[in-house]
Number of protein chains: 2
Amino acid sequence: MASLIEPKVLKGFRDFLPSAEIARRNLTEQIEASFRSFGFVPIDTPALEYADILLGKGGGETEKQIYRFRDNGGRDVALRFDLTVPFARFVALHQGEITFPFKRYHIAKVWRGENTQRGRYREFTQCDFDIIGSDSAASDFEILLMIRSTLLGLGMDVRIRINHRGLFNRFLSHIGAGEKSVEVLRAVDKLARAGEEETGKNLAGLAGDSCAQKILDFIGAGGGNAGKTFEETLDRITALSGGPSPESERLGMLRRFMFDAGVEDSFSLDPSITRGLDYYTGVVFETFLTELPGIGSICSGGRYDDLAGLYSKNRISGVGSSIGLDRMLAAMESLGRGPAAASYAAVAIACVKQEHSGFYQALAAKFRQAGIPCEVFPEDAGGNLVKQFVIAEKKGLRRIIIPGENHPDDPLTLRDLKIRQNREGLSFSQALEACRAAHG
Amino acid sequence: MASLIEPKVLKGFRDFLPSAEIARRNLTEQIEASFRSFGFVPIDTPALEYADILLGKGGGETEKQIYRFRDNGGRDVALRFDLTVPFARFVALHQGEITFPFKRYHIAKVWRGENTQRGRYREFTQCDFDIIGSDSAASDFEILLMIRSTLLGLGMDVRIRINHRGLFNRFLSHIGAGEKSVEVLRAVDKLARAGEEETGKNLAGLAGDSCAQKILDFIGAGGGNAGKTFEETLDRITALSGGPSPESERLGMLRRFMFDAGVEDSFSLDPSITRGLDYYTGVVFETFLTELPGIGSICSGGRYDDLAGLYSKNRISGVGSSIGLDRMLAAMESLGRGPAAASYAAVAIACVKQEHSGFYQALAAKFRQAGIPCEVFPEDAGGNLVKQFVIAEKKGLRRIIIPGENHPDDPLTLRDLKIRQNREGLSFSQALEACRAAHG
């Protein structure tokens with residue numbers, strides 16, 4: 001006999017057993033249903049692309065983490081490490097075929113050879129959504145509203161903290177620190193992790209003590225923002241940035257939309273939100289679960305003014321965001337949400353005698369036609385149904401139908417596996433009614 | 001300005017624009033709903049695995065086609081080229097966590113560096129489903145029934161042609177050609193492509209003229225099977241293989257199940273079906289669309305008695321199959337089936353004045369809550385709504401709601417973009433009713 005190959009998966013990669021996969025599916029299917037209800041449409045792109053396209057200007061962390069190799073034809077290729085770069089390439093390539101404003105979502109796997117000691121995975125699913133080809137405040141607002149609506153639909157109360165990078169930059173110019181904008185925004189982005197003292201030192205190193213103090217004041221360090229309304233904070237940062245501007249007006253317009261749509265309570269204005277990426281130019285935001293603020297933002301994003309500049313001379317602006325699915329799943333688990341069933345079936349048909357399997361399937365078909373998913377057991381009970389009860393329980397099923405032993409058309413018995421009780425002598429309609437009440 | 005990177009995809013790889021992606025989703029979602037109604041559950045496995053696990057005994061075509069490389073840690077890794085090998089590895093690794101009989105499906109991408117001149121893709125989606133840990137005829141039957149039910153649910157009438165490899169082998173032993181079984185089954189598998197004359201020559205070369213003639217007779221070459229019922233063919237091949245056997249009884253049992261479930265008309269017994277793979281040991285089958293038999297089998301499979309032998313000393317048997325999604329999509333397109341919409345939305349709210357966007361979203365939320373997907377346009381019409389009508393039509397939308405210009409709570413106008421007519425003065429309820437009638 002040949003020696004066995006040890007079955008194992010690569011470090012940082014995961015198998016999904018049915019209960020884990022069903023939990024993931026439940027989450028993504030609910031998210032997709034919400035996106036679709038807003039008229040967003042899905043796209044897909046290849047897992048493998050030319051390496052120079054994915055790396056763009058290249059260099060840095062990305063290059064070290066990417067799965068890159070030569071294919072059998074000698075091409076320099078790589079697995080996508082996010083969905084943003086492929087989207088930019090996609091839009092540049094298909095701009096003539098796309099109807100703008102284009103509202104798209106993309107839920108797909110990406111691969112990064114990250115250090116798994118930080119608890120990160122090397123294969124994980126991203127969930128991106130964007131509106132491109134529209135500069136309007138209405139588009140900013142729709143992305144914010146869709147985040148709120150999607151997460152509320154998942155039973156998660158959220159607070160979305162927004163800011164405007166353009167307004168932050170206007171303030172930096174106003175205090176004479178405009179040249180250090182990129183570095184300052186990155187330093188502020190690390191505030192939550194680094195703490196105020198460390199951030200203050202970093203800012204002083206970048207822009208001098210006086211500017212550092214003004215920046216800390218602007219972002220509301222030391223509790224300067226605590227208890228302030230959106231409007232009070234907007235007035236304050238508008239004044240600090242030299243008075244009304246298109247950026248402060250954009251924030252005001254968004255605030256008006258929030259009131260008109262009756263969703264103002266879910267949003268706050270937080271001048272310390274900057275997002276690290278250079279990419280963003282307008283509104284930026286982070287989303288926190290009110291029950292679990294400590295896990296960090298589960299949905300972040302913002303407005304950018306040049307999506308596909310590496311691949312096209314047309315400037316395409318947009319606003320978009322990404323939901324952290326792994327973080328969401330962990331949150332739902334720690335909140336005890338989300339069904340952990342190992343089956344989609346609501347009921348099973350016991351296999352009393354295997355020779356009746358044709359009738360059992362005909363019976364199951366009637367349940368399925370009535371909208372009740374129904375599993376049929378394939379192995380003869382041999383006079384002892386207990387084994388089938390145990391299997392059904394392991395699969396997370398609550399109910400099992402036991403057909404008659406001699407005549408498959410005899411009345412049915414419905415066993416409740418939890419309370420271990422049988423209801424005997426049921427017609428199909430009565431059994432269906434009982435299952436429907438339980439399934440509904 | 002930096003030079004642009006040309007946006008392009010690798011040969012054999014595809015972008016999916018919304019209309020193509022929505023068509024794919026519609027298909028896979030309907031297939032999944034059917035699988036779930038039978039109590040089948042999804043799993044997932046990594047795209048990337050150790051190369052020695054994927055290649056198993058290795059060699060041959062697979063090794064030439066596989067995307068294989070060294071990762072940053074020096075590991076010999078490869079992209080999966082099918083879902084069967086990862087499933088075998090998965091079952092060997094998790095056999096202690098799985099509840100048997102295990103009914104699983106897996107819909108996911110696989111990668112093969114095939115010659116694209118044959119019109120094949122290098123990245124494509126497979127859709128596999130199996131019942132493992134059960135030897136029963138009831139399991140064979142359930143797979144056959146699920147194929148029939150799933151494809152009928154897609155509006156496709158099918159004929160499923162089945163055979164039993166064990167019975168074929170029994171026949172070969174009976175005529176003294178048992179040693180050449182693997183080669184003979186492969187030669188017969190090529191019958192449809194190679195033709196009878198060529199197949200006859202191949203068989204004569206393998207087993208001699210006399211055996212070749214008996215084999216051609218067994219498989220019904222020269223129309224020997226035409227007009228015969230399942231029962232007549234079963235009687236004939238039972239006799240040719242030396243009389244009743246467990247294999248002929250299995251086919252008889254399946255036939256009984258078909259009658260008991262009232263599905264007998266969808267199946268025929270075709271002794272020329274062998275499937276090329278060594279892997280199969282029991283029932284084998286191919287599925288043909290009655291409207292498009294010429295495109296070949298769109299769903300094939302069979303029973304095997306040792307799924308995970310490369311990775312585990314436990315013999316795990318099962319029965320399974322795979323739907324060819326690309327072939328199905330092509331078939332549905334050529335039959336004019338399957339909606340080709342570029343949107344999930346049923347209606348759009350026009351943006352008469354951008355400053356009313358908060359109200360528009362509140363209006364859209366009422367449609368969404370009523371189950372009507374509703375898109376909101378984000379760009380101010382500037383007094384001319386024609387541009388928005390054009391965009392809505394391009395997205396495949398039939399209806400657009402036009403709110404009042406001055407007061408967002410004014411009565412609504414519903415425009416039918418196809419017949420270019422407006423219905424004015426509608427309340428929300430009236431507009432909803434009109435959209436619901438059209439959407440339902």
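Which helix of chain A lies across E6, strand E9 and E11 of chain A? What we have here is a predicted model, in which local features need pLDDT of at least 70, side-chain atom pairs count only at pLDDT 80 or more, and totals for chains, interfaces and linings use all residues. Residues are numbered from 1 along each chain as its sequence is written, while chains are lettered from A and ligands numbered from 1 in the order in which they are written.

The answer is helix H12, residues 325-334 of chain A, which runs at about 110° to E6(A); axes here are lines fitted to C-alpha atoms, for helices over the stretch in contact, with angles from 0 to 180 degrees between N-to-C directions. Helices (H or I, at least four residues) and strands (E, at least two) are DSSP runs, numbered from the N terminus.

Now to the sheet of chain A, an open one of eight strands with mixed pairing, in the order E1-E5-E6-E11-E10-E9-E7-E8, where two strands pair if DSSP finds at least two bridges between them. Strand E1 (41-42) and strand E8 (267-269) of chain A stand at the edges with a single partner strand each, so one side of each is left without a neighbour in the sheet. Strand E6 (residues 123-132) of chain A pairs with strand E11 (residues 318-323) of chain A in the antiparallel sense over six bridges, and A:Asp128 stands opposite A:Ser322 in E11(A).

Turning to chain B, six of the six residues of strand E10 (residues 299-304) are buried, so this strand is largely enclosed by the rest of the structure; buried means that 20 or more other C-beta atoms, placed from the backbone, lie within 10 Å of the residue's own. Three bridges join E10(B) to the antiparallel strand E9 (residues 280-289) of chain B, with B:Phe285 opposite B:Gly301. With strand E11 (residues 318-323) of chain B, E10(B) pairs antiparallel over six bridges, and there B:Arg303 stands opposite B:Val319.

In all, 93 residues of chain A are in contact with 93 residues of chain B, contact meaning C-beta atoms, placed from the backbone, within 7 Å.

Key: A residue is buried if 20 or more other C-beta atoms lie within 10 Å of its own, exposed if 12 or fewer, and partly exposed in between; C-beta atoms are placed from the backbone. Two residues are in contact if their C-beta atoms, placed from the backbone, lie within 7 Å.
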